[in-house]
Amino acid sequence: MVQPRLPSFQYCFDSLTSIHIPKMAAPKEHSHFDVMANKQVPNHVFRDFHTSVSNLIGKRRGQSSSNIFLDIAVVLLGLKPGFLFDYSAAVKPIDLQEVCRMAAQTLHEITCECNYLCSLKQKYLQCFRICQVADDLFVLNREMITCHLEEVSAQNEVVPQHIVKTDTSETESMYRPVVDASSSLTRPIIAGDDVFEKFVCMVRAASLQLTGFKGRSTDEVVALVIGEDWNVSSLFGALLGYPLVYWYCPLDGANCLELVPLSVYKVTCPIPNILGLARRTDHILYSFSLPSELEPSYHAAIQQWFARLQLIHQGIECGRVLQSLQLVRSNVTLQSVVL
């Protein structure tokens, strides 16, 4: 089997219907974080964040403060290159910056309570940047987003993923992180050279703009200059760290996904009790789909992507905030799909 050009690790999944990788066994010697995880977090820590968020974006939207905190925490911890702030269209960049600062402070207080780890607070405060794409605002991990976009744009070839054997011949199933769903097609396909080149050029141009702000203060907002031939939906998928994105002609904005069976993948984790929710629920870190017909071509890539995510999760001390990750797959067929 020839694997796609992704990070050099692999994890086998027993099932795509509900996939769960348990965390590694704890070492015999308890670390500082093991001790801290058993301590009670002061009640005021998240309550203060909730109050501040409600004051900035309104009490009704402030009810989503636990999800807002986790969305920002995932970026600060390096589990996601960015997230789209879609809780309120009226939030200004300066207000979102303040929300991120409060989230960094809250994350610091939840994960550590001693001077030994006080440097983490400064790390969290310095690792995010607000990015404006048209009328939408993103919270980006400054270091992770540039590395991620460079990695995406470096995949400039169709990569053989696996060999499909038949009675008479062997054919290669190809992996490419772009699905062409243009309305001119009768069904979605793996992107051809022309479409993939447009996607790569767009990602490289966006990466270049972001790199120009790399050494500047986090107070500066990056307002991406959108090219005429850019597909903003595809760019969103790249900024959010999806393992694959859709592309369609940006001129008509239509796609060919209506009544097409789709496989929907979600990465979730339990919302910790420290956030004070009355009922047990899960937080969605990632949610993306692909045409079920193309799933065999992306199976191994999604496996490796989730394995990489799990290894990052195991490498950071975030047990209080983000517990075990789970990848869940479902099927859906819709009358129309808006990208």
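Reader: Why is Tyr 242 called partly exposed?

Author: Tyr 242 has a relative accessible area of 22%. Buried means under 20%, exposed means over 50%, and partly exposed is what lies in between (1.4 Å probe, protein chains only). The 22% of Tyr 242 falls in between, so the residue is partly exposed.

Reader: What are the ground rules here?

Author: This is a predicted model, in which local features need pLDDT of at least 70 and side-chain atom pairs count only at pLDDT 80 or more, while totals for chains, interfaces and linings use all residues. Residues are numbered from 1 along each chain as its sequence is written, and side-chain values use heavy atoms, with hydrogens and water left out.

Reader: How many aromatic pairs are there?

Author: Ten. One of them joins Tyr 242 and Phe 288, with 5.9 Å between the centres and 40 degrees between the planes.

Reader: Which parts does the pair of Tyr 242 and Phe 288 tie together?

Author: Tyr 242 sits in the loop between helix 9 (232-239) and strand 10 (245-247), and Phe 288 in strand 12 (residues 282-291), so the pair ties parts that are 46 residues apart in sequence. Helices (H or I, at least four residues) and strands (E, at least two) are DSSP runs, numbered from the N terminus.

Reader: Is Phe 288 buried or exposed?

Author: Phe 288 is buried, because its relative accessibility is 5%. Phe 288 also pairs with Trp 305, at 5.4 Å and 90 degrees, edge-to-face. That pair links strand 12 to helix 10 (residues 295-315), 17 residues apart. Trp 305 has a relative accessible area of 13%, so it is buried.

Reader: Which residues do the ring pairs link into a cluster?

Author: Tyr 242, Tyr 265, Tyr 286, Phe 288 and Trp 305.

Reader: How do you know that Lys 80 lies over the face of Tyr 286?

Author: The distance to the ring centre is 4.9 Å. A charge sits over a ring if NZ of Lys or CZ of Arg is within 6 Å of the centre and within 35 degrees of the ring normal.

Reader: What makes strand 3 and strand 4 a pair?

Author: Two strands pair if DSSP finds at least two bridges between them. Strand 3 and strand 4 have six, in the antiparallel sense. Gln 132 stands opposite Leu 137 in strand 4. The two strands form a hairpin with two residues between them. In the turn, Ala 134 has a positive phi of about 60 degrees. At 49% relative accessible area, Ala 134 is partly exposed.

Reader: Which strand runs parallel to strand 3?

Author: Strand 9 (residues 222-223), joined to strand 3 by two bridges. Cys 131 has Val 222 as its bridge partner there. Strand 3 is mostly covered, with five of its six residues buried.

Methods:
Phe/Tyr/Trp six-rings, centres within 6.5 Å; stacked < 30°, edge-to-face > 60°.
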